[in-house]
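Let's walk through this one by asking about it and working out the answers.

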Amino acid sequence: MSACPCCQTRVSSVALACPNCCTPLKAFGHPGMTIHRAPDSEFLCDRCAYHGDDTCTFEKRPHALTCTIYQKLLVPETPIREEPRLFPSHWLTYPLGYTLLSFLLGLSLILTLIR
């Protein structure tokens, strides 16, 4: 169940129009084509992925209040960079880390005994 954008009445997700105010909810009477509506005093194009990459062919662009091809613009999160460490802590959690550490300690011990 969803809400009508005009009167906020609970409406079935497959309803073609609102039973209370007769606002069309699906485009061209097709249950698979949802009509996206802009909030008050805003345009859909400002938040649409097709407008952002300039591939929109809608005739009411950039002042569309309703649209059938609207795709929400996803803003990628910037990854947090960590400072590089001299000895990462995860090395010692693996058997390979212990093996390498043991090899280096053994090699240094052998080199000190030879001299």
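This is a predicted model: local features need pLDDT of at least 70, side-chain atom pairs count only at pLDDT 80 or more; totals for chains, interfaces and linings use all residues.

Q: Which side chain makes a polar contact with the side chain of Lys 26?
A: A polar contact is a pair of N or O atoms within 3.5 Å; within protein, one must be able to donate a hydrogen and the other to accept it, and residues adjacent in sequence count only if both atoms are side-chain atoms. The side-chain partner, at 3.3 Å, is Thr 34.

Q: Where in the chain is Lys 26 found?
A: Helices (H or I, at least four residues) and strands (E, at least two) are DSSP runs, numbered from the N terminus. Leaving aside neighbours within four places in sequence, Lys 26 has contacts (heavy atoms within 4.5 Å) that include Ala 15, Leu 16, Pro 31 and Met 33. Its place is the loop between β2 (10–11) and β3 (36–37).

Q: In what order do the elements of the protein chain run?
A: The protein chain has two helices and four strands. From the N terminus on, they run β-β-β-α-β-α.

Q: Which backbone oxygen lies 2.4 Å from a polar atom of the side chain of Arg 37?
A: Arg 37 is in strand β3, and it is partly exposed because its relative accessible area is 28%. Not counting residues up to four places away in sequence, Arg 37 touches several residues, among them Thr 23, Leu 44 and Leu 65. The oxygen at 2.4 Å belongs to Pro 24.

Q: Is Thr 23 buried or exposed?
A: Thr 23 is in the loop between β2 and β3. Beyond four places in sequence, Thr 23 touches Cys 4, Cys 6, Ala 17, Cys 18 and Arg 37. Its relative accessibility is 11%, so Thr 23 counts as buried.

Q: What is the volume of the largest cavity?
A: On a 1 Å grid over the protein atoms alone, a cavity is a set of points where a 1.4 Å probe fits but cannot get out, and lining residues have an atom within 4 Å of a point. Grid points are joined across faces, edges and corners, and a volume is the space filled by probe spheres set on the points. Searching the whole structure turns up one cavity of 30 Å³ or more, and its lining includes Cys 45, Phe 58 and Tyr 70. The volume is about 40 Å³.

Q: Which residue meets Asp 54 in a salt bridge?
A: Side chains of opposite charge can pair when their charged atoms come close. The count comes to two salt bridges, and one of them joins Glu 42 and Arg 47 at 3.8 Å, N to O. Asp 54 counts as exposed because its relative accessibility is 55%. At 2.7 Å, N to O, its partner is Arg 61.

Q: Which residue does a cis peptide bond join to Arg 61?
A: Most residues other than glycine have a negative phi, and most peptide bonds are trans. Here omega is about 0 degrees. The residue joined to Arg 61 is Pro 62.

Note on methods:
Residues are numbered from 1 along each chain as its sequence is written. Side-chain values use heavy atoms; hydrogens and water are left out. On a 1 Å grid over the protein atoms alone, a cavity is a set of points where a 1.4 Å probe fits but cannot get out, and a pocket is an open set with protein on both sides within 12 Å along at least five of seven lines; lining residues have an atom within 4 Å of a point. Buried means under 20% relative accessible area, exposed over 50%, partly exposed in between (1.4 Å probe, protein chains only). A salt bridge is a side-chain nitrogen of Lys or Arg within 4 Å of a carboxyl oxygen of Asp or Glu.
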